[in-house]
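Here's a quick tour of the pockets in this one. Have a look at the model first, then we'll go through what lines them.

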Amino acid sequence: MGRYLNWFSLFRLYRHVLVDRLVADSKAQGFNPVLLTPALVDYDEWLYEDVDPSPLPRQMVVMDRISQCMAKAKSGPVVHGYMGFDPLRGVAFRKGKSRVSSLATANSALM
């Protein structure tokens with residue numbers, strides 16, 4: 001039970017803290033990570049709700065800032081995040097049922 005509570009407690013941490021913990025855990029196991037590739041996943045349309053506290057475009061900005069900070073650091077791995085693209089959200093946006101365009105978010109991530 002303690003393992004599950006520990007796992008659930010990770011959801012309340014800031015993303016940059018999660019990156020630091022992942023690096024520390026990897027080093028404790030004898031690995032020296034040089035690249036981390038977290039993936040942002042877009043489940044909003046599949047779950048029939050828009051996530052207001054942390055929408056995908058805002059998550060993209062946060063991951064970009066983490067990537068930039070890690071790139072400037074003298075030690076530690078590089079962080080290269082992957083942007084989630086949901087074609088269902090694109091359909092919902094064109095039909096006026098979603099406030100966010102997947103294509104516009106992906107284009108913004110590339111820029």
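How do the residues of the lining of the second largest pocket divide into nonpolar, polar and charged? They split into ten nonpolar, four polar and one charged, where Ala, Val, Leu, Ile, Met, Phe, Trp, Tyr, Cys and Pro count as nonpolar, Asp, Glu, Lys and Arg as charged, and the others, Gly among them, as polar.

This is a predicted model, so local features need pLDDT of at least 70 and side-chain atom pairs pLDDT 80 or more, while totals for chains, interfaces and linings use all residues. Numbering runs from 1 along each chain as its sequence is written, and side-chain values use heavy atoms, with hydrogens and water left out.

**Second largest pocket**
- Its volume is about 370 Å³ (the space filled by probe spheres set on grid points, which are joined across faces, edges and corners).
- A pocket here is an open set of points on a 1 Å grid over the protein atoms alone, where a 1.4 Å probe fits, with protein on both sides within 12 Å along at least five of seven lines; lining residues have an atom within 4 Å of a point.
- Of the 15 lining residues, Met-60, Asp-64, Gly-81, Met-83 and Ala-109 are the closest to the centre.
- Helix 3 and helix 5 (102–110) each give two or more residues to this lining (helices are DSSP runs of H or I, at least four residues, numbered from the N terminus).
- Helix 3 gives the most, with five residues.

**Largest pocket**
- This one holds about 1200 Å³ of space.
- It has 35 lining residues, and Leu-10, Phe-11, Leu-13, Arg-15 and Leu-18 are the closest to its centre.
- Helix 1 (2–9), helix 2 (15–28) and helix 3 (56–72) are the elements giving two or more residues to the lining.
- Helix 2 has the largest share, eight residues.
- By class, the lining has 23 nonpolar, seven polar and five charged residues.
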